[in-house]
Each structure stands twice: as C-alpha cells, then as structure tokens.
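Work through the exercises below with the sequence and the model side by side. Try each task before reading its solution.

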Amino acid sequence: MPKSPPIVDKVYASQQSISAILTTIEKVVFGKPKECRLALACLLAQGHLLIEDLPGMGKTTLAHILATTLGLSYQRTQFTNDLLPADVVGFSIFNNETNGFELHKGPIFNQVILADEINRASPKTQSALLEAMAENQVSIDGITHALPNPFFVIATQNPLFHAGTYPLPESQLDRFMMRLSLGFPDLKAEKQILLSPALRTNQSTSTNQGSNTVDNEPVITEQALIAMQQAVTEVTVSNDVIEYIIALSHVSRRAYSGQTAQANQEPNGSADEIEIRCKPLSPRASKALLQAAKAMAFIDNRDYVLPDDVQAVFYVVCQHRLEIQPNQPLGGNQFGASVAKQILDSVDVLNPFGY
Amino acid sequence: MIFFNTKVNQQSWGIKQKASSSFYLSRKNSWLLWLCQCLNVAVIGLELSTWMLGIISLALAWQAHLLHQSRDSVRNKKQLKTAKQPGPRQGTRQSKHANNNQNKPVSPIILAVFALLGCLAIAITAKQVGILVSMLHLLCFSYVLKAFEVRSRRDFYQLLLLGLFVLAASLIFRQDLTATLIILTLLVLNLAVLHQLFSYQRKFVANVKVIIMLLTQSALLAVVLFLVFPRLSPFWQVPSAKSAATGLSDTVKPGDIANLTRSTKLAFRADFGQQAIPAYSQLYWRAMVLEDYDGRQWTRQKRFASNKIPGAKIKAFSFDVSKTEVSPLTYQVVAEPSYQKYLFALAPAVAIGDSSGIKAQAGYTFNSTKMLSQAKSYQLSSYLTAPFGVELSQKSKMANLSYPKNSNPRLEQLALQLQHNYVDVMSRAQAVLTLINKENYAYTLQPPLLDNNSLDQFFFDTQAGFCVHYASAFTFLMRASGIPARMVTGYLGGEYNGINDSQQADNTGHLSIYQYDAHAWSEIWIEGKGWLRIDPTSAVDPQRVDSGWSTRLLQEQSALNNDLLSLYQMKNIKWLSALRLQFDALDYQWTRWVIGFNNKQQYDLFKHWFGKMASWKLALIMAVSLVVTMAILMLFLHLLNQPKKKSRSLTKWQRIYQKSLTQLAKQGLDKPVAMTVNDFSKQVRRECPELAIVFTRLSASYNCLCYQPLSAAKQEELTLAMQHQYQHFIHAMKRSA
C-alpha cells in the first residue's frame, strides 16, 4: 500500500468539497442544514439511508440532489404493492438475434437507487434489496453480479399508519444506517420553497425504466467521493469514545432484558419513571454508530471523534433500531425525545461505565 | 454494597430538576410503608391508652383512604391520556406527576390542627398516665402524622427512623423471646421497605431476602458489641407504666387474686441445677407477708416496706444458717419484669453469691432494691424444713394478733368458741381446717360477691371462694382466737421443664411459674416452733395444692373461655406440649443469658478471658476493642467503596476537569452527565459570561487531550497548558464571586 498522507491532511483537503456539496444541497432543500449534513454523513460512512415522513415533505428531493451532487448514476424506483423482485434487480430475457439469454439490468445497478415509498411494496420485493444492501451484489438466475461502487440505497417511506403500507422487516431496518425525518419547514424556508423554481420538473421523467438524468452539475468526482469515504474510515477514535458507544448499546440491552441498570435508577427510586422499553442494539448498530460518528467528525473538519459526534448521530442511527412500535409521525421532530433520548441521558459522557 | 453506594449516578431523564425537588413513592411502596406503620404501632399498641389508639387508627385509616383514592385517580388519568395521546410514555409520566401532586391533598392547616389537638390531649392526660406513656403517645402520634407529609427523601427517612424508634420502644415492656422475634421480623420488614425504594428488584420477597442476608452479616458485629460495649446502668429509672405492673399487689382483699389466676404470663423461673426439685406441695414461693388487717383488706406493715432498720439484714430478718442442720437447697431465680419490688423465695432462705440489689425483708421475703423493669436473676439457698422465726418480739406478736373489733362479729364469735373448746394451738388450727373440710365449702374462682369484703358473709353465707378467702378467714379466726397469724401471698408450684438439662436426669431442670400459680396462704406462730405454714386451701381443694389446677376448676374456667383453658387443653396434646416446653426452655436461656447479661456478668466474662485485672485495665480493654471494631468497620466500608474509584484511574486532565466541574457545581452550574464537554462549555458561556473564555479554553484542551491522538510531548505540553488554564479559571471564579 502506498504511503498515504496522514488523515489530518485528508480531512483538511476535503473540507472545500464538503462545504461545496452542502451548499449545493441546501440550495434545493431549504432550512434543513442539520438533516442535510446527516444525510451526507450517511453516504460518506457508506451507509444506506431511510427517509421517513409524510408525503410532500421533500424526501425525494433530498435523495435526488444527493445523488446528482455527488456525480453518481441515479435511478428512482417507485415501489408499489404489485412490484416484483425482478423489477428491482433485473431479469434475463431471450434474445432472438443472439439466440441466447441476455441480462436486463434492473434499477439496482445504478450507484444510487432511490426506492420511493419502499414500504408500499410487498415484503418479498423489499427483501430483494436485502442482499444488495448487505453484500453490494445481486444474484440473478444463479449468477452473482457485483454492484457498482459506491452503491447507496436511499429509501423513502410513508408513515406506517398510512393506507397500503407494509412495515419494513427488522432485518431490513437494521441495514439502513440512518433513518431521517425532515419535518415541516419553518416559515422562512417555506417561503423560499414557494418562490424557488420547480427544480425537479424537467427531470421527473425518471420512472422504473428512467434514464440517468443529470441536471445539476456534480460537485465532486466519483474518485474524490471514494477517497473521502476511505478517509472517513481512518478518522481516529479514542478509547473513551469507543467505551461511550459500548455503554450506550449496553444500556439498551439491559433495558431489553428487563433489568433496569442501576445507572438508570433515579436516586429517588421511582423505578416506574425510568422504565425503558426498547429493542436491544446489535453490534451492527454500534458499528454503524461509530461509522456515522466518524463521518460527522470528518464533516466537522476534525480527524478525531468527539462524543458530540456520537450524540449528533445517535437519534438517526439508533431510533429505528430501538423502537418497538414505530411512533406515528405527525410532521415535526417526532423522533426526538423518546427511547433514544432516555438511553443517551443515562450514560455519563465522561465516565461511560461509571455505574 | 447497595447501601454503601451513596453516590449513585445522578441521572436525568429530562425531569431531573423535578426529581430532585419532589419525591415520589410508587403505590406499592406506599402501601408497604403503610402496612409497616400499622404493624409497628400494633406491637406497642397494648401499652397505649385506648383514646390514643383510636386516634392512631383513625389516622391510619385516613392514610389508607388517601392511598386508595390515588389509585383511582391514576386509573382515570391513564384512561384520559391514552385516549388523547399517542405517546404512551409521555402519557403515563404526566399522569404520574399529576398523581404525585394529587397524592397530598391533605392541607397542612388541617394537619396542623389535628396535630395540635392531639398534642393538647397528650398534655392533658400526661399527669394521669405517667411520663413514659405520654412520651410514647407523642412518639406514636408523630409517627402516624408524619406519613401525611412524605414530600422529600428526608421525610421518608425520618418516617422510617421513627418507625424503628417505635419498635425499639416496645422493647421497654417486653423482652422475652417471642417479643424479640416479633420485633426482629418487623425490623426486617421496615428495612426491606427502605431497601425496596432503592433496589432494582421490584419483588418485595427478594428485597426481604437481601435484608435478612445483610442482617445476618451484621450479626457478628452485634455479638461483639453486645459482649464488649460497656453496660452502663441506666442514667434514669425507667418510669413504670401503670398498666405494666403485673403480679401480686401489696394489698389483698378477698377476690383479688382471681384475676391474676386467669393470666398465663410468666412470673419467674427457678433453676435447681442438678438438685432434685421438691414436691409440688412444698413449692410455696413467698413474695409478700401481709400483717395489717383493717377489717377489709390485708396490707404490708409500713415499717417493712420502708426497710430502714440498720443491720436488719442479719439480725432480725435473715434466717440464721448456723443454727440449723437441714441441708440447704440452692437454686437460681430469674424474675420477669413486674415493675414491682418483691422477689420470690422458698422460706426460709438466704441469698448467696452475688446478692447485690437484693434485700432480705421481715417475714423471710426478699425485695429488690430497684423496681423490676428488667429480668432479674439471683441465687438463694433455702432450708425448707427448718423452723424459722422461733423468737418473736412482743411488738410483732401484738401486730400479728390485732384485728379491728366488730369487723366480722360472727367470726369473732366462732373464734371465742374455738378458743374455749381447743386449748392446744395446733388442735385449734386443725379444728378450723376440719370445719372447712367438713362443711359445704366450695373452691371456685368465681365466688359470689361479698358486701364490703365481709369475711363473715363468706364464711357463713356464701361458703364459696378461693385461696384468698380461705386464707383471710383462717388468719382472722386464728388472730381472734389468740394465735399470732399472718397472711402470705406468693406462688404455688410451677411447671417443670427438663429440656435444658443435658444429662436427662430425673427431676432436674427448671420450673416456670406463671401468674396463674398465684396463691395465698397463712402462717401461725407457735411458741418454740416459730412460724408454721398452714394452707387452708388444702382443706377445700387438696388437688390444687398437690398438683395444681383440678379438673373441676378447669371446667369452671371453660365458661370464661380464656386462654388458660386452651393452655391446659394444649397440655393434653403431646407434641404441642413438648413444643411449648421447648420454647419455654429456649426463652429461659434467652432471659438468663441475653437479657440478664449485666455488667457483673460482663466483668466475669472478661475475667474469664483475660484473667483477673484492675477495673481500669478492663475499661481500657473495652475501649480498645470498641475502637478496633469501629476501625475494622470503617475500613471495611472504605474498601467496599474503593474499587469503584480505583477501577477508573483518572488521568491528570480528567482530574483537572473534574475539579473545575466541582467548582462550577458550587456556583450552581451542574453538568448533566449526558452533556458533552462542548455543550457544557456553551452552557457556561450563556450563564456565566465572565467565565466563558477561560472555561471554553479549558474544555477545548480537555477534548484534545481526551479524544485526539497526540504524541507524548504534545500531551505533556497540553496538560501543562491545561493546568495553567485551570489556575486562570480559579482566578476568574474568585473574581466573579
């Protein structure tokens, strides 16, 4: 391996492109700088992104602008309840001229696939994405095809209580690094939205069979993105932060197994108040948490992770893995103060295993 | 371990501020606490006045009502919330808080009025019931009232401590094994309620187990302290509670002892060691000699009660051992607390061994120098068959012949007749006994009432009575017919218990004498023979004297349906009776070795361990062992708390940062545990702008040192810088202060 420059330099070198990307995104997605940064962090950490919100909140816009800005091939697939797995991954078709089977690649062979309203498809189709998301490869008729690199799945989903939705299986939920929710824009942002030209109108040709539309100029090259992703993995994590992450997942596991940790005990002993009901965090979850925190640190122009980074991504990374029943979002920041907050609040930042 | 971790992480669930100010007891815990209160009060309840018990039960019922109501309100709230709110957690929390506020609807004014009224009542009755009982009233009253205002943790502690105090106070009255076991159980219960609040286990039984384990562990310490702690004689006399005084009284009129004979309470125990226990009919335990008769009742002579005659112990009252050839019977008596002074002996007797606190009285009885508020143990030697009181002074002869004239004219008439018919003193007494035996006299514990306690009426009309009646009438007849006679009260017989006897020899072991063994008999003085015991009861009901209660009497008692009968019925069931005897033996050992462990025995124990020594050395040993015990305890506690700190060896910068946090906490700026260093420095910037610059720098250095990969040289440099920043920070703090 050729001697690579130290991580500090890589971080500094990337800062310009990162701010450029963020500016471009915020030109389209108004008033949501925090969510934009999180989405970017998810892609930099090589994770898949799930955006959940009411219809018309700008989910697709965010997904679209992310793909185009990073200069990746992009295709949108509208998931419906009669969508078949073959519609997503592709199929072999008999060609009369060559007298043989020919692979007809599905939309999944793009670098970015926008699975719109993923929870409207049947579980069978949903799980077709599973192998792709986990292994970066798909099997069609027994032949394994590698997917392009980088490969992202950006899925949007409607709240579960909407008509005609299937809940995502836990296994698939766990494969999404983050679940974002945009929420309603504030007054100023909404005004901007109303005044801005309809950016997506000329590219809305993208359908199941859509073409790769590029209307925004890509800000960085594919190679630059891969380099940045590589740099993110090299961000330094101190022992304290590792312990912090472990402590967080431990709390969720203890809560799951029914014994409320002593640390969670409020000193006045009102045990009923602090009962946490959640699913335990898997090691994959803690790994995702670490990775996302690294990406956040990278975006923040740091070559080391602070507990602040962990806290910043904790809600979006862990909330959907912790929830036993998805809350019904009513717009706004509905994932805010809940199980994730309780867990976060119960761990001492300076002394994670202090109980 | 759980107890010692005083600094459990101060958690914040977003309601931290609220949590620190308001204290919340879950409903289950509230009920447990209430139950505890009920039981604690119940233990001491017998000693309280009825009206106080009424007030207390009223307050407890009120408390229960409030608790019950709070449940309903919670339920309603929950229903409301779940209907409206999708967030389940949010909903319950809010309702709980609402409940929390609603839990104390008792306005302080009502409470204050209630308390004031109660205190007034206590103050008014104080003179009547005595200082001890009124203090207990106050204690129990405050204990019950405190439960209405458990607002903070401190209140809860106070309530529990009060409960423990109430429990301890009930030990003033009863110290026997049963009471001790009950109190121990309640102690466990009380502590478990305390533990329940802080343990992560919800199950009460599990908490009880933990407490029992902890208590067992601390038992060793308790034993050491029990043996070593100086036995100071009490600084004040335990004031006698009137209701507590049990046993015989120093005035007796016909009909008096009957109540006593219905009590199954233990009076005293006698241990004869390896010697054979005399026959039942020989066991006349003397307690008091009553010589004054006023026509209605018998009383002790004043001069005996005051006992001011110097040297009287040897000269006048005590039995002269040197003049007799009868072999002595040595035994130990452990008297139960009776709140009276008299002790028990088989006459004639002399005190042997450690006779401090015992005084021989006229009439060959013994008294304690202090009121018996605790079990008292002493040793006696009795010369059962030896004659005593052979020489009688003229004065006491006169006293034992006097009776109010015309108080019982028909008996006087009979006496004169007897005196005329029988010249010999013995035959005269025998004639009376025969008369009682032959005539239609009945022995019953429920004799018809006598007008004015008239002996005439008893002897000639009703002809039914029990020991006091017969002894009174007999003594009166003797006096009236010119024979010095007196009334003796005490106990007869006792229940044999051989369980403690290791050698299983016959007739050894101890005797338990209960209140229902109370008895009265008379003594006549005969020239040259001294005082002669004559029990007229034997003429009526020989079985009573030979072996205890006769079946006829028991049948009579069955009508009364008291526990005496059930006791006797129990005796018929073999294993139950064996069990009872076992328990009695255990209780005896408990009384003798634990309750009776006084400073004398402690001294003996030390002498046994360390040999003979000066008392100052002994005190030194005690002090040293106490200090050592305490030191070991402190060390133990220290070590228990240690690993927590040691497991995380703090780095230099961590220590500096912690110090600065403590400084800020003094200013009222607490860092929530979940807050990051950066966020906290932002908060400080907002709240104390004058500290902003220094603290932000300090925080930044800390972040770098903690999380950034640094070379050793750089680290040192930064640590040094941080130390400087800390100095600046301290200065800034001082300035701002």
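Predicted model: local features only at pLDDT ≥ 70, side-chain atom pairs only at ≥ 80, totals over all residues.

Residues are numbered from 1 along each chain as its sequence is written, chains are lettered from A and ligands numbered from 1 in the order in which they are written, and side-chain values use heavy atoms, with hydrogens and water left out.

**Exercise 1.** Find the buried residues of helix 16 of chain B and what they pack against.

Step 1. Helices (H or I, at least four residues) and strands (E, at least two) are DSSP runs, numbered from the N terminus. Helix 16 of chain B covers residues 455-462.

Step 2. Buried means under 20% relative accessible area (1.4 Å probe, protein chains only). In this helix, Leu455(B), Asp456(B), Gln457(B), Phe458(B) and Phe459(B) are buried.

Step 3. With contact taken as heavy atoms within 4.5 Å, these buried residues pack against strand 4, helix 14, helix 15, strand 13 and helix 17 of chain B.

Step 4. After the helix comes Gln463(B), with a positive phi near 55 degrees.

**Exercise 2.** Give the strand order of the open five-stranded sheet in chain B and identify its edge strands.

Step 1. Two strands pair if DSSP finds at least two bridges between them. The order is 7-3-14-17-18, with antiparallel pairing.

Step 2. Strand 7 (345-346) and strand 18 (530-534) of chain B are the edges, each pairing on one side only.

Step 3. Strand 3 and strand 14 of chain B are joined by six bridges; Arg286(B) has Gly490(B) in strand 14 as its bridge partner.

Note on methods
Buried < 20%, exposed > 50% of the residue type's maximum accessible area, 1.4 Å probe, protein only.
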